[in-house]
Amino acid sequence: MKIETIAIHAGNQSDKSTNAVIQPLTLSTTFERGENGDYPGGFIYSRAANPNRKVLENVLAKLEGGIDACAFSSGNAAGMSVFQALEPGSHIICPDDMYHGLRNQLKLMFNGILTFDFIDFTDIELIFNTIKRETKLIWAETPSNPLLKLCDIATVAHIAKEHQLTFVVDNTFASPICQQPLSLGADIVMHSTTKFLNGHSDVSGGALITKEDTEFWQKIKIVQGYGGAIPSPFDCYLVTRGIKTLPYRMRGHVENATKLANFLDNHPAVSEVYYPGLVSHPQHDLAKQQMLSYGGMLSFLLKDGEEKARQVVNGLKIFTQATSLGGVESLIEHRYSVEGPDTKTPKNLLRVSVGLEHIDDLINDLNEVL
């Protein structure tokens, strides 16, 4: 099936008792056992499995071309389950502009348990040279948040395979519509389902999708089941419903982001625009090679510095100044003030999640303030 059909049908399970076309919401935390003590319905307890989570995990796996998925209560919980599945003393190679929530998680929660290096993933030789005897995992984020740097997925996957390392790609910024890391050689894909997959800024969630059922994947499933950081049935229901329109929403996000990036790229108040779809992006050729389309996220630098950046976010009428991304509404944020003093993000950078409003209104709103 094509991805539009998968998005609608792989996440649905009609109710046989009522013939309802849309899956019912199953709130029960426990399920009745049969006379001999078995579970005829296939479910035991909601932390272990739930009908709504089952269909969400099915559609997630299908969208990314994987064989299995684990849904979590947040993107951070999904990432943490990977780190928890590693043996103590394991070494991780991470991008130097890794999403600050996961970067801080490693530094504050896993320091002394795991070791990690944050390096520039645009330098393939540096990745190769950072591998140690204790290295077990390469964690990539492409495009990165918020600098939209790219990692050459196929090349890093080859390096990981040569050294028998697990290669995980955070695909949140791209979504499975714009990029398919498993098909390029990655072992596991991570998503904050809060973002484009849900698409409506009204539920938190995360997910991991695997290409193969490995021993490491089974450890992740143990962390999911016994750690218990699982999404509620209603969260699963909402994300599954959001996914139904994902392919068509992403087309609108990409179209608007492309037009907005071109407008900003030619504006005299802007010194630089980070968007993989621009020819001026230093890795545009790599984007053409590994991305199906260029996504709905961009960042830009203002010539007049941090003060002007703050004036812009406070003066807009249609863009909302808020954290997060991937909703139908356009969001803008001064990222430096969120990420902390050790961030790689410039003080004059604004990150934009380009929504589905009319592009003329978005451009006029920014142009008036700029």
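Good morning. In the largest nonpolar core, which has 84 residues, Phe167, Leu260, Leu264 and Phe300 touch the most other members. A nonpolar core here is a set of buried Ala, Val, Leu, Ile, Met, Phe, Trp, Tyr and Cys residues joined through side-chain atoms within 4.5 Å. Buried means under 20% relative accessible area, exposed over 50%, and partly exposed in between, with a 1.4 Å probe and protein chains only. Helix 10, residues 246-265, supplies the largest share of this core, eight residues. Helices are DSSP runs of H or I with at least four residues, numbered from the N terminus. Apart from this core lies another, of 26 residues, including Met98 and Phe116.

This is a predicted model: local features need pLDDT of at least 70, side-chain atom pairs count only at pLDDT 80 or more, and totals for chains, interfaces and linings use all residues. Residues are numbered from 1 along each chain as its sequence is written, and side-chain values use heavy atoms, without hydrogens or water.

Returning to Phe300, the residues it touches include Leu264, Val270, Ile332 and Leu366, not counting residues up to four places away in sequence. Contact means heavy atoms within 4.5 Å.

I turn now to the loop between helix 1 (3-9) and helix 2 (51-64), which holds Leu25. Ser46 is found in the loop between helix 1 and helix 2 as well. Is Ser46 buried or exposed? Ser46 counts as buried because its relative accessible area is 16%. Leaving aside neighbours within four places in sequence, Ser46 is in contact with Ser28, Thr29, Phe31, Arg53 and Ile230. Leu25, at 36% relative accessibility, is partly exposed.

Definitions and conventions:
Helices (H or I, at least four residues) and strands (E, at least two) are DSSP runs, numbered from the N terminus.
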